Each structure stands twice: as structure tokens, then as C-alpha cells.
Amino acid sequence: MSVFSRIFKNKKYGDNSHLNNQLNSNKIIDNFDNKNQNTNNIHLEDVKMNDSKINPEDKNYFKKNRSLAKKVIAIANQKGGVGKSTTAVNLTSYLGYFGYKTLIIDIDPQSNSTSGLGISTDSDKSSIYNVIIGGELLANVTIKTDFLNLDAIPSSIQLAGAEVELVASMKREYKLKEAVDKIKNDYDYIIIDCPPALGLLTINALSAATEVIIPIQCEYYALEGLGQLLHTIKLVKENLNSELEIAGALMTMYDPRIKLAGQVISEVKKYFPEKVYSTIIPRNVRLSEAPSYGKPILSYDPECKGAQAYKSFTKEVIENGTKRTR
Ligand SMILES: Nc1ncnc2c1ncn2[C@@H]1O[C@H](COP(=O)(O)OP(=O)(O)O)[C@@H](O)[C@H]1O
Ligand SMILES: [Mg+2]
């Protein structure tokens, strides 16, 4: 029995030649950057200071798709290291780049999306902790980032105790929703980066959200734990937030050298019929370097394959799934 069939028990795999065709229909942007390519480049200074250097085509894109906005999206998967924070940082910075007023809320005590945007994670500063536990207004904790149209609610390590502190409070599942409802109209998109657990913080995010995006790493154990995640989403929908929908599953860290990656994508498509984004995020070293400089990829290296992929994914999110594979 192959490794793969052991993982997905009781499933038989026959001829896999169709997989290559299926993969070709996806927007797989390989992970090898071609240094000689000639794409429209945005330099950090431009992104920071004004929007005069935005590719004119991209400005028109915003005009055409302006009406498709107004969403609160949680980025959730209880597995760690699947690309939630990378997706939150790069999706929000591209939404801002395209002209949408965007807010990123970091509710992971590890604060990766806070630091990934170059924001300090000092525990003496106000953060989402003060909102969830102290009842502070989100507007009082909001930080303007260095990136176009992007505000952020930072996290801090203090939040690690919040799960326990929340247990005894009234309406403990709705702390974030109550805060988000007050500022909802100030933004086109609010994106929430969840911690790697299905505890009260993630439940708060799912209760506040209209949609959830599930990043899934293209690896052997991709489907492990997905049943539990979907069950939690279902319970939240039935009991706490009837609005909640799964926007889609995003395949991340695709490496064409790993043959099994294609099979994983195919399995995930069976699991989420019509809900897998056609953009597949490649494993790309520039994406993993950017956070240590406190920059999203559009600022760190807008030409790399990882940047192209996140830009393409952002357009799919804006267009609300019209390009999803069948
Ligand atoms: N497409 C990618 N290519 C290469 N490295 C990636 C990619 N996506 C994420 N990473 C790296 O993998 C690690 C885990 O990603 P992260 O977004 O923090 O996951 P999560 O938030 O789900 O725990 C980080 O070090 C990140 O920089
Ligand atoms: Mg994270």
C-alpha cells in the first residue's frame, strides 16, 4: 500500500494520468523565479507613500469590481504552519493595493501577521487582547500600516491567556463579533488571522465572519483534521452565526517536484467540490523571507512567483469564486 493510500484509508487509486490534465487547468505558478522576467514593478517607497505607481490595469480592475466588496473573512485551519498568516498578510496587502479599504485582525497569540506587517508585538501596547477581554473599541487599537489602504489590529502574547479568561464571561463566543460590528462599515474587507486551534478565539473569529477561507498545505497529511474543522464550522453556522459560508480552500506551498502534491490537490477537490481556488500558491522562498523584514510580498519582492500567486488569489477572492475550478 502506498503512503498516500494509507493516509486516505479505504480509497483506491487507479490511473492517475488525468491528474496532470487537471493540474494544468489550475493556475499553478511554479516556484522557480525567473529573474529576467519583465513585469510591472512596484517599489516599497511607492507602496508606502502613494498609489501613483500602481499598474494602471490594476486601477481599472478596482473600478470594475468595486461593488463586490464588504466581507468579513476568517482564515482558519487548526493545523499550524499551513500558511494562514502568510495568506492573511498577503491577501490584505493586495486588497489594499487594488483599492479596497482593508483591515487585518490578528487573533493568534503568536502574532505572526502583526510582525509580518512590521508592527511591534510589545505586550505593553494595546492589542486585540484589550478588545476581547477588556471591551476596548477596535477603533482605539487600530494601527495604520505602511501599506496602501491597510489598517491592522495587532495581537500580543497576552492573548495566550484569553482562552481561559473568556471561559467565564457572558457571550464569550461573540466578543469579537460585537467589536467588529461597530466598525464593519468603515472597511470593504476585514480579514481575521486565526490561531492554530479550534478554541474560543477561532470560534470568536467564525462568529464574526461572513466567510471562511481554509488554507491547506499540499502535503501528505493535508486532509487530516479537516473533518473536525468542517464540523466546527457547521456547529458555528447552526448555533452562533447562520451567515457563515465556506468561501474556499486555498492550496499552499505547492512543490511540483513532489509528485504526491498533485494527488493531494485532487483529494481536496473531492472534499470541497467547486470550492478550491484555482490559484495554487507555490512553495517560494521569497514568501518565507518577507515576514522577517516586516513586509508583505508585494513590498518585499513584487515580481517573484509567490507575489504573482497571491495577487491572482486576491482577484479570485474579490470576484467571489467565479473562477473556481469545477
Ligand atoms: N508558499 C510558501 N512558500 C514558502 N514558505 C511559506 C509559504 N507559505 C508559508 N510559508 C512559511 O511557512 C511557515 C508557516 O506559514 P504560516 O503562514 O505562518 O502558517 P500558519 O499561520 O498556518 O501557522 C512560515 O515560516 C512561512 O513563512
Ligand atoms: Mg499563523
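Before the ligand, one definition: helices, H or I with at least four residues, and strands, E with at least two, are DSSP runs numbered from the N terminus. On that numbering, α5 gives the most to the shell around ligand 1, with three residues. Keep in mind that this is a predicted model.

Staying with the ligand, 18 residues surround ligand 1. The closest are G83, K84, S85, T86 and S288. Two elements give two or more residues to that shell, α5 (84-97) and α13 (285-289). By type, the shell around ligand 1 holds six nonpolar, ten polar and two charged residues.

Next, the sheet. Seven strands form an open sheet with mixed pairing, in the order β4-β5-β3-β6-β2-β7-β8. The edges are β4 (143-144) and β8 (245-252), each of which pairs on one side only. Inside that order, β3 (residues 102-106) and β6 (residues 189-193) pair in the parallel sense over five bridges. D106 has D193 in β6 as its bridge partner.

Now the helices. Helix α10 (residues 200-208) lies across β2 (71-75), β6 and β7 (211-217), and runs at about 155° to β2.

Then α9, residues 175-183, where K175, L176, A179 and V180 are buried. Why do the buried residues line one face of the helix? Seen down the axis of α9, they fall within an arc of 115°, so they line one face. As for what the buried residues of α9 pack against, the list is β2, α7 (128-132), α8 (162-166), β6 and α10.

Note on methods. Residues are numbered from 1 along each chain as its sequence is written. Chains are lettered from A and ligands numbered from 1 in the order in which they are written. This is a predicted model: local features need pLDDT of at least 70, side-chain atom pairs count only at pLDDT 80 or more; totals for chains, interfaces and linings use all residues. Two strands pair if DSSP finds at least two bridges between them. Two residues are in contact if their C-beta atoms, placed from the backbone, lie within 7 Å. Axes are lines fitted to C-alpha atoms, for helices over the stretch in contact, and angles run from 0 to 180 degrees between N-to-C directions. A residue is buried if 20 or more other C-beta atoms lie within 10 Å of its own, exposed if 12 or fewer, and partly exposed in between; C-beta atoms are placed from the backbone. The arc is that of the directions from the helix axis to the C-beta atoms. A residue is near a molecule or strand if its C-beta atom, placed from the backbone, lies within 6 Å of it. Ala, Val, Leu, Ile, Met, Phe, Trp, Tyr, Cys and Pro count as nonpolar, Asp, Glu, Lys and Arg as charged, and the others, Gly among them, as polar.
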